[in-house]
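Hi there,

Here is the structure I promised to pass on to you.

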Amino acid sequence: MADPVVDIASAIQSASIKRHPSPAHDLNPSTAASTKQPVSPTTSVSSNADSIPESAVKPIPRRANLPPLPDMRFEQSYLASLQGAESWWRIAWITGRDQVILPLVQGMLWTLILSGWRYWNRGAQFQGATLGSKVRRWWWGVNNWKIPEETQEAISEKAGEFYTAQFGGHD
């Protein structure tokens, strides 16, 4: 008798994966655009110049259909990685890795990137030489707003206070 965990994974996998999908049926549901036929460029239609433009009556023929899009859903890759699992520990590891560890690492890296961008952009707001900084300084001048004249140390101190307030200080 085989391991029940492997049997369950095999049953889920065999029920979910379509071995021989039909391109006409499984790619996407039919829509109103699926049943419409394009106008042939050789069709002769009598029209006045005021009512319908000729480009609408004789459009450019459509190009050949594109190949089907690959299946990028998470379920298929998850089930494919479960296929080689021999024990329930391996299945638990694959599930924990795909459901907990990888999303956690991805979120942590994304947060670090955004925090670094915010820290760098804070100092470049008025001191930069880019078009955006020039437009910002011009707009503040037009409105007679006082442009902040902060030193790099003051900006760094504000950023430090912000991050201490956000993430807690180390005493």
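Among contacts (heavy atoms within 4.5 Å) in the protein between residues at least 6 apart in sequence, 46% join residues at least 24 apart. Please keep in mind that this is a predicted model: local features need pLDDT of at least 70 and side-chain atom pairs count only at pLDDT 80 or more, while totals for chains, interfaces and linings use all residues. Residues are numbered from 1 along each chain as its sequence is written, and side-chain values use heavy atoms, with hydrogens and water left out.

The secondary structure comes to eight helices and zero strands, so defined as DSSP runs numbered from the N terminus (helices are H or I, at least four residues; strands are E, at least two). Along the sequence the pattern reads α-α-α-α-α-α-α-α. Of the 171 residues, 11% count as buried; buried means under 20% relative accessible area, exposed over 50%, and partly exposed in between (1.4 Å probe, protein chains only). The accessible surface comes to about 14600 Å², and carbon and sulfur atoms hold 62% of that. Accessible areas come from the Shrake-Rupley method with a 1.4 Å probe, and for residues only the protein chains shown count as cover.

How many salt bridges does a search of the whole structure find? The search finds one, and the side chains that meet in it are those of Arg 97 and Asp 98, at 3.0 Å from N to O. The term stands for a side-chain nitrogen of Lys or Arg within 4 Å of a carboxyl oxygen of Asp or Glu. In general, side chains of opposite charge can pair when their charged atoms come close. Asp 98 counts as buried, at 16% relative accessibility, whereas Arg 97 is partly exposed at 25%. Asp 98 lies in helix H6 and, leaving aside residues up to four places away in sequence, touches Phe 74, Tyr 78, Ser 81 and Pro 103.

Helix H6 (residues 88-127) is also the place of Trp 93, a partly exposed residue with a relative accessible area of 45%.

Next, helix H5 (residues 74-82), where Gln 76, Tyr 78, Leu 79 and Leu 82 are the buried residues. Seen down the axis of H5, they fall within an arc of 165°, so they line one face of the helix. The arc is that of the directions from the helix axis to the C-beta atoms.

In H8, the buried residues include Ile 155, Ala 159 and Tyr 163. Down the axis of H8 its buried residues fall within an arc of 65°, so they too line one face. An α-helix has 3.6 residues a turn, so residues three or four places apart point the same way. Glu 153, Glu 157 and Ala 165 are exposed on the other side of H8. Just after H8, Gly 168 takes a positive phi of about 85°.

Asn 144 sits in the loop between helix H7 (131-142) and H8, and is exposed, with a relative accessible area of 71%.

Best wishes
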